Amino acid sequence: MMPHARPLQFTRRRVLQAAGAGVALAAVPGLAQATTGRTITVQALPSARTTELERTQNSLSASELRTTGCYLPADTALNVVVHAGSLAPTLVIGAPDADARKEFKSPRQYPLQVGRNTVTDAGGGVVYLKLIGTSGQAKVSIGDQAQAMPYFVLGRTGEAEFQRQLDERTTPYVELVGPHAMLTVERASALIYRTENHAQLLSTYEEIIAIEDATSGYDGSAPQHVRLPHRYHFVGYPAAITGVGAYATHGHMSFPPPIQDRMLTVEALRTRGCNWRRASR
């Protein structure tokens, strides 16, 4: 599940056979939490790319992006208010490697200031926040110029509600979120696999990641052994990658359409592996 430094054939069946009865789904401290409407509070987290990478000695980092459940259309002026007394986070537009247009493959970052901000992004995309630090939080209100995506949160969103969202919310992307995993896929892919049990799907991600963390020694016995406070980001790549099953780099992993069943179905996630390719950035 987590990216490695060399190509590998990763089979999840053996991992899940060791999972036991289940996995605790307690929320990871400090991740984005919606309060009222479009107002979101995020706790500061250490850098996944430096601080946490040095602590864990992983080859590649997890994601520093904090999901909001919103999508911003291209060339749309978005009003964002950072509340008084908050730290000022960074607004990020676009999931990494999710857009087929080369100029918009990388997320665009917009540092915010306390007070009212207006951000316009030429490409548009999923809206995220990022707040790096050792303490403090940011309280942010996102304007209604951003559209609500179909958005499944493990333990909070019911299947019937998610199916209603898929029908009513026609944004180009869909997100599914658990305590340690975040899936961002094109709407077309989400519709192909819409009959899946999405709570079971995300619970399976949590099982796999919990086993890998336990195997890696993240048992909480000391500060250097706590689990990562960041999510692993699984992104639907917009096209096939010749000779590559899945693509892993800092901050995310990409799954092209030919193998997105491994990302979006319970059975394939449990039993089928992927050919990984690592890329440095």
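The tour goes from a sheet to salt bridges and then to aromatic rings.

This is a predicted model: local features need pLDDT of at least 70, side-chain atom pairs count only at pLDDT 80 or more, and totals for chains, interfaces and linings use all residues. Residues are numbered from 1 along each chain as its sequence is written, and side-chain values use heavy atoms, with hydrogens and water left out.

**Stop 1: the sheet**

Show the cartoon. Helices (H or I, at least four residues) and strands (E, at least two) are DSSP runs, numbered from the N terminus. Two strands pair if DSSP finds at least two bridges between them.

Look for an open sheet of five strands. Its order is S7-S6-S9-S4-S11, and the pairing is antiparallel. Now select 108-111 and 147-148. These are strands S7 and S11, at the edges of the sheet. Each has a single partner strand, so one side of each is left without a neighbour in the sheet.

Next, select 66-72 and 125-130. How many bridges join S4 to S9? Five, and the two strands run antiparallel. Zoom in on cysteine 70: valine 127 in S9 stands opposite.

**Stop 2: salt bridges**

A salt bridge here is a side-chain nitrogen of Lys or Arg within 4 Å of a carboxyl oxygen of Asp or Glu. By this rule there are 12 salt bridges.

Select glutamate 207 and arginine 270. They form a salt bridge, with the closest N and O atoms 3.4 Å apart. The pair links distant parts of the chain, 63 residues apart. Glutamate 207 is in helix H5 (residues 198-215), and arginine 270 is in helix H7 (residues 266-271).

Is each side chain buried or exposed? Buried means under 20% relative accessible area, exposed means over 50%, and partly exposed lies in between (1.4 Å probe, protein chains only). Glutamate 207 counts as buried, at 11%. Arginine 270 is partly exposed, at 26%.

Move to aspartate 261. It forms a salt bridge with arginine 262, the closest N and O atoms being 3.2 Å apart. Both residues are buried. Aspartate 261 lies in helix H6 (residues 261-264) and arginine 272 in the loop between H7 and strand S18 (274-278), so the pair ties together parts that are 11 residues apart in sequence. Aspartate 261 has a relative accessibility of 15%, while arginine 272 is partly exposed at 37%.

Then select Glu161, Arg164 and Glu168. Salt bridges that share partners join them into one network.

**Stop 3: aromatic rings**

Rings of Phe, Tyr and Trp (its six-membered ring) pair if their centres lie within 6.5 Å; planes under 30 degrees apart count as stacked, over 60 as edge-to-face and the rest as tilted. The count comes to four aromatic pairs.

Select phenylalanine 152 and phenylalanine 162. Their ring centres are 5.4 Å apart and their planes at 80°, so the pair is edge-to-face. Phenylalanine 152 lies in strand S12 (residues 151-153), and phenylalanine 162 in helix H3 (residues 159-168). Both are buried.

Now select phenylalanine 234 and phenylalanine 255. With centres 6.2 Å apart and planes at 50°, the pair is tilted. Phenylalanine 234 is in strand S15 (residues 232-236) and phenylalanine 255 in strand S17 (residues 252-255), 21 residues apart. Both are buried.
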